[in-house]
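I am opening my notebook to write down what I looked up in this structure, entry by entry. I will give the cut-offs for each term where I use it.

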Amino acid sequence: MSTKGRVHGIIANLVIVQADGPVSQNEICFITSGATRLMAEVIKINGQNAYVQVFESTRGVKIGNEVEFAGHMLEVTLGPGILSKNYDGLQNDLDKMDGVFLKRGDYTHPLDPGKKWHFKPLAHVGDTVEAASWLGEVQENAMPHKIMVPFTFKGSYSIKSLAGEGDYTIDDTIAVLLDSNQQEHKVSMTQKWPVKVPITAYREKPRPFKLLETGVRTLDTLNPIVEGGTGFIPGPFGAGKTVLQHAISKQAEADIVIVAACGERANEVVEIFTEFPELEDKRTGRKLMERTTIIANTSNMPVAAREASVYTAMTLAEYYRSMGLRVLLMADSTSRWAQALREMSNRLEELPGPDAFPMDLPAIISNFYARAGYTYLKNGKTGSITFIGTVSPAGGNLKEPVTESTKKAARCFYALSQQRADSKRYPAVDPIDSYSKYLEYPEFAEYINERISDTWIDNVNEVKTMLQRGKETYDQINILGDDGVPIEYHVVYWKSEVIDSVICQQDGFDKIDQNCPMERQENILQNTLSIIRSNYQFETFIDVSAYFKKVINFMKQINYTEFQSEGYYKFENELKALLKEQNIDLG
Amino acid sequence: METKAFQKIYTKITQITKATCSLNATGVGNEELAMVNGKLAQVVKIIGDTVTLQVFGGTEGIPTNAEVTFLGKAPTLKVSDQLAGRFFNAYGDPIDGGPAVEGHEIEIGGPSVNPVRRKQPSELIATGIAGIDLNNTLVSGQKIPFFADPDQPYNQVMAMVALRAKADKIILGGMGLTNDDYLFYKNVFDNAGALDRIISFVNTTDNPPVERLLVPDMALTAAEYFAVQKNESVLVLLTDMTLYADALSIVSNRMDQIPSKDSMPGSLYSDLAKIYEKAVQFPAGGSITIIAVTTLSGGDITHAIPDNTGYITEGQLFLRRDTDIGKVIVDPFRSLSRLKQLVISKKTREDHAGVMSAAIRLFADAANAKTKQENGFDLTEYDERTLKFARDYSNRLLAIDVNVEIDEMIDTGWELFSKHFNKEEVGIKQTLVDKYWKNN
């Protein structure tokens, strides 16, 4: 008998329910209001009163309305068919809903129950298996989708029977497992998992070390993110957070892309809906949308579901990681999620922390970031979740609680600067304030020595130092005047301008420049180093800027041209000729 | 609403604050309307049998034995074609002396559009103002505010935009409008002979502030009727959203909620987003475009209201007085229309994007030259030319009194380039320069 209850109080989307039996924290319940059933989650219990946050508008809910507790936490349904779906924050398939407007209490199936999948067994009858062991696989949009022993299974089992190769629906039994008491357990291609509980069915989570190529130079070269790494992008509005995130999700070397549009503009989600089905994935030749799942909880959708949306996204990511895939998870924006927490905490009349955010905000954020990571699965394969979130700091001030809490949790920090955005230096990632902790990881150094060269990290640091010196010099020039400083100051400043223009800045709308492969980035860094390591002779400071403007122009033209094409060598030769004037050989 | 044979009347109010009152009642739904002593109120909180009502007209003069009746419904608006040309108050009651509107009664603040059913906005909205059309083109289905200081002529610019935009319906949501501004809008619309396509919901400074909270929902409910049922393009003008947010903070304060930044309620972002996200391009062709006004105090855009707004809207427009020409211009540096790239050089001439960026860059050069001049440094010959260009550019393109077609704006751009610069200095793609450069 499940627990029932009645509505006892309503404050916006917080409802107080008097329950007649046991209730657990985070349990799901349904409030019957007229003909609709509204889904809600228990967030506080006091005596008989359960405080529930309703995932919908509570308009019309009355005292005494019946409530039914579901006996489980908020769950997602896992199985083939998740890719290329557009979900809301509670994993309802938005495409299955009728009409232009969302209807309250309209919950749709996240998968396609009638659809047949071609199943190929991977395990054998008699094998000993445990949670997350691979039983077989189906092709989901050309991606190998592993059918696993449900994550909820504890201990080890032996396979009593396993379906042969053939077409099955997600609800067909594909295996029967025997537990240690010889009890039979049927397994289908679908399973459920509570979103707030991490899936830990892996053997080990080492420190991540493998560079995740994104094709964005200011990330890959200067502040790299790694497979299974975490990063965040704070920036004031208009600084290009969403554009940068979209660029990363389009280009990064990941098998699966999950985008959580959390409390942001609906038209931005529409942009993904419109663009991603058109974009071709260079490696597979298929459309990007085929390996993407979008969780859309836009800013006008219910606030409580906004909080759920990031957890839903993370759980889907963990599911695909268990299949040995590289998952890229993007959340835009985690500030909206924090604000959803604040609204609830406020209605619960909790004592507030800084800026009225809940006191446990830092803990909630770091727990969430901790679910990302690189893993060795129990069968020795690897899988990863790389997580990049954006933060929308109030007033563009990076000293606010969400930014500060995230800074403690994420290992890469990509600060978008208003000043850079104003002067159209895109991507507006500030190369000096931003950092990647992975550059300091010995594991990463070892990997990059192998993959590129053992001077790479030193070179990157040299370039960064030059940027810093350039900035200091620029300040001095501004104070003392152009002719109040030695010419050498201008040279230092212009060397840093070369780095800024050629490495940091990248044209997101140019077909060639928008995606810069690592091989090219190595080449660009080498050329840049040759230029900043050389000595120059100039008569006046005006000559300095004139000369370096030409250098920058050629190097930009090179960036715009197809790698090692005819035009590329043409510009490279022009650059070489220009450098010859100063007796410099290009690397 | 079906008539009830018996409507229970409550007469015992247990608590009264400046904006709310509480009483014991049963069978009441959340967000339901009630009449308290003849004033409209809405349920905002129910605990057991204690119901808290937000009284829109303010609680002045309400006695503890006031008559309270519940209406069994959330705020509604009767929608039909009869709305066109009419002026209403925040409750949707006519204030122009005309008869009540008959039509289908629907609840305001209705559900959101399913994001997968939205279409990407792609229709350009021409306003004739070059600072907008040339530099920050508006697109149907967009939401964009003017960030303006209270002394700037934003109401005039909005009225101008509304009349020139080729929208099927224009809906004005006035919040805390002074009576003078209300009459201004009324006269402008009247004189333009455009009254039949204009609908106004107005809360003036004479009315209680909490009433304002109904205005955007009323305006947008009417907008949805015309955009969804009639497939019309609807332009919604909301002025002034800062006063709307102030009303939100008054209510949350009276309900003892903990304020977050700048004494605003913690839910400010969601509250504003619910309004602005009603801007949409529907698949069947109708659209809702929102142009709003957010007044700033001392130009501070880091204040919670403009800050949250900036994260929600698709860009913002800044007005500024250009002292060199003595006119108000649309600031090309701080203004931004995020959707402009969906139409620029796609729905407009191929050289639009190039001319726009080149002109802004040269205008920035002029700004630098000006700083140099003010700091007492010598100006180069190029600096002198940029300054001359800036004056012409302000006068002939940025000023808000400009009213021309987009092609003419682009042509004017080329004309100014060739007057003050040579081809290399402009830095536009060679093929376009060859085609459009004006040889004088």
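I began where the chains pair and looked up the bridge partner of Ile11(A) in β5(B), which is Lys45(B). This belongs to an antiparallel pairing of β1(A) with strand β5 (residues 39-47) of chain B, which runs over three bridges. I noted that two strands pair if DSSP finds at least two bridges between them, and that helices (H or I, at least four residues) and strands (E, at least two) are DSSP runs numbered from the N terminus.

Before going on, I noted that this is a predicted model, in which local features need pLDDT of at least 70 and side-chain atom pairs count only at pLDDT 80 or more, whereas totals for chains, interfaces and linings use all residues. Residues are numbered from 1 along each chain as its sequence is written, and chains are lettered from A and ligands numbered from 1 in the order in which they are written.

Next I looked up the whole contact, to which chain A gives 47 residues and chain B gives 45 residues; two residues are in contact if their C-beta atoms, placed from the backbone, lie within 7 Å. On the side of chain A that touches chain B, the elements giving two or more residues are β1 (4-11), α3 (266-275) and α5 (334-347), and the largest share, seven residues, comes from α3(A).

I then turned to chain A by itself and found 14 helices and 25 strands. Its radius of gyration, taken over C-alpha atoms, is 27 Å, close to the 25 Å that the globule rule (2.2 Å times the number of residues to the power 0.38) gives for 587 residues, so chain A is as compact as a globular protein of that length. The C-alpha trace of chain A spans about 90 × 55 × 45 Å along its principal axes.

The domain assignment, automatic or from a database, divides chain A into domain 1 (4-73), domain 2 (117-189), domain 3 (217-445) and domain 4 (456-580). I also wrote down that the C-alpha centres of domain 1 and domain 2 of chain A lie 36 Å apart.

Now the sheets. One open sheet of four strands in chain A has the order β12-β11-β9-β14 with antiparallel pairing, and its edge strands, β12 (143-148) and β14 (166-168), each pair on one side only. Inside this sheet, β9 (residues 117-121) and β11 (residues 134-140) of chain A are joined over three bridges, and Phe119(A) stands opposite Val138(A) of β11(A).

A further open sheet of four antiparallel strands in chain A has the order β10-β13-β15-β16. Here β10 (128-129) and β16 (184-188) stand at the edges with a single partner strand each, so one side of each has no neighbour in the sheet. Four bridges join β13 (residues 157-162) to β15 (residues 173-178) of chain A, and I found Leu162(A) opposite Ala175(A) in β15(A).

Which helix residues are buried? In α2 (residues 241-251) of chain A, 10 of the 11 residues are buried, among them Leu244(A), His246(A) and Ile248(A). A residue is buried if 20 or more other C-beta atoms, placed from the backbone, lie within 10 Å of its own. What covers the buried residues of α2(A) includes β18 (230-234), β19 (256-262), α3, β21 (326-332) and β23 (382-391) of chain A.

Notes
Buried ≥ 20, exposed ≤ 12 C-beta atoms within 10 Å, placed from the backbone.
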